[in-house]
Amino acid sequence: MKKLAALALSGILALSLTACSPGSAAPPSAQVSQAAESPRTVTISSLNGSKEEVTVEVPYDPRRIAILDMASLDILDALGVGDRVVGTADTSLDYLQSYLRDDVANLGTIKEADLEAVMACEPDVIFIGGRLASSYDALCEIAPVVYLATDPQLGVVESVRKNAVAVASLFGLENRAETLMAGFEQRVTALRDFSAGKTAVIGLVTSGSFNVLGNDGRCSLIGVEAGFDNIGVDANIDTSTHGNEASFEFLVEKDPDYIFVMDRDAAIGTDGARLAQEIMENELVMGTGAYQSGHIVYLAHPAVWYTAEGGITALDRMLQDLEQGLGLS
């Protein structure tokens, strides 16, 4: 019996030594663990303060996120990682109001960051938009800065897809981002089918004036992806921010099939401002074919168009505004 016990013990020791020897293969469970090990950082494309494309190294799976851009917050919210947000700029967007609470630091606005508040929340990464490009270098002193934007040449839909995948890569959620983008192309195709051969003037109302917009920036979704022939401005005029002021006689002269209106004052909550519809429906505009045919489309979610273009939920609402305004839904 003692001899058998000794032999058994020798066998166990031999197996143990074989398993621990440097030249032996790791057990299957160890191999899986090593293969699944996450990277420490992720490198993504971003813009710098001069709006030039650069690469930024960001901690993988960041736990503390500072938000100074509503399109980026929109994407993070849609991806289901909004619980990582430790500070955010103020917003009037209804679907992002849950981030305006006591345990999330107020970092200022999307136009003016509170740098001390940003620093105090000790972020792993900071997201900004174009309105804070001038603060890019100062924010980079605090943490890596991701500055994403939509590119009218690429198109809003593809820009959202590109940016969503970039943000998702920080968490290993690229497949989730692609799933969230499903269906947008079909909706754009339906809009293009409807708009074929139709002209439009696209603009925003601000401070009682109507400013026409081109296809180079804000609301470019209408003239680029949705396919309306935007006859409002010369293609060489920069209208990417607030457009180019035009008279109501201009609308009469152009006489487009459709007029699309974004209410900037409503978007930013201007106190005492008149509604865009009150300004637009004057004697001159009411004489246009667009008005008489019921083809003036007031974008129902102006704050989304003005402050969150580039977000996933924002894109859904923007397409809804077009579909409902054109009677396609």
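Glu225 touches Gly155, Val156, Val157, Glu158, Val188, Arg192 and Ser220, leaving aside residues up to four places away in sequence. The model is predicted. Glu225 sits in the loop that links helix H9 (220-223) to strand E10 (229-230). The residue is buried, yet has no salt bridge. Its nearest side chain of opposite charge belongs to Arg192, 7.0 Å away. A salt bridge would need a side-chain nitrogen of Lys or Arg within 4 Å of a carboxyl oxygen of Asp or Glu.

**Confidence**

The protein chain has a mean pLDDT of 88. A value of 70 or more is reached by 86% of its residues. Residues 1-35 have pLDDT below 50. Beyond near neighbours in sequence, that stretch has 3 contacts in the model. Where pLDDT is low, predicted coordinates should not be read in detail.

**Strand E12**

Strand E12 covers residues 258-263. It is mostly covered, with 6 of its 6 residues buried. Its side chains point two ways. Tyr258, Phe260 and Met262 point one way from E12. Ile259, Val261 and Asp263 point the other way. Both sets are buried.

E12 pairs with strand E8 (residues 199-206) in the parallel sense, over 6 bridges. Within that pairing, Leu204 has Met262 of E12 as its bridge partner. E12 also runs parallel to strand E13 (residues 296-298), joined by 3 bridges. Here Val261 has Tyr298 of E13 as its bridge partner.

**A sheet of five strands**

Elsewhere in the description comes an open sheet. It has 5 strands in the order E5-E4-E3-E6-E7, and the pairing is parallel. Strand E5 (105-106) and strand E7 (145-147) stand at the edges. Each has a single partner strand, so one side of each is left without a neighbour in the sheet. Strands of a sheet pair through backbone hydrogen bonds.

E7 is joined to strand E6 (residues 125-128) by 3 bridges, and the two run parallel. Ile128 stands opposite Tyr147 in E7.

Helix H3 (residues 70-79) lies across strand E3 (65-68), strand E4 (85-88) and E6. The helix runs at about 135 degrees to E3.

**Strand pairs with bridge counts**

| Strand pair | Sense | Bridges |
|---|---|---|
| E8 and E12 | parallel | 6 bridges |
| E12 and E13 | parallel | 3 bridges |
| E6 and E7 | parallel | 3 bridges |

Methods
Residues are numbered from 1 along each chain as its sequence is written. This is a predicted model: local features need pLDDT of at least 70, side-chain atom pairs count only at pLDDT 80 or more; totals for chains, interfaces and linings use all residues. Side-chain values use heavy atoms; hydrogens and water are left out. Helices (H or I, at least four residues) and strands (E, at least two) are DSSP runs, numbered from the N terminus. Buried means under 20% relative accessible area, exposed over 50%, partly exposed in between (1.4 Å probe, protein chains only). Lys and Arg count as positive and Asp and Glu as negative; His and the chain ends are not counted. Contact means heavy atoms within 4.5 Å. Two strands pair if DSSP finds at least two bridges between them. pLDDT is the predictor's confidence in each residue, from 0 to 100. Axes are lines fitted to C-alpha atoms, for helices over the stretch in contact, and angles run from 0 to 180 degrees between N-to-C directions.
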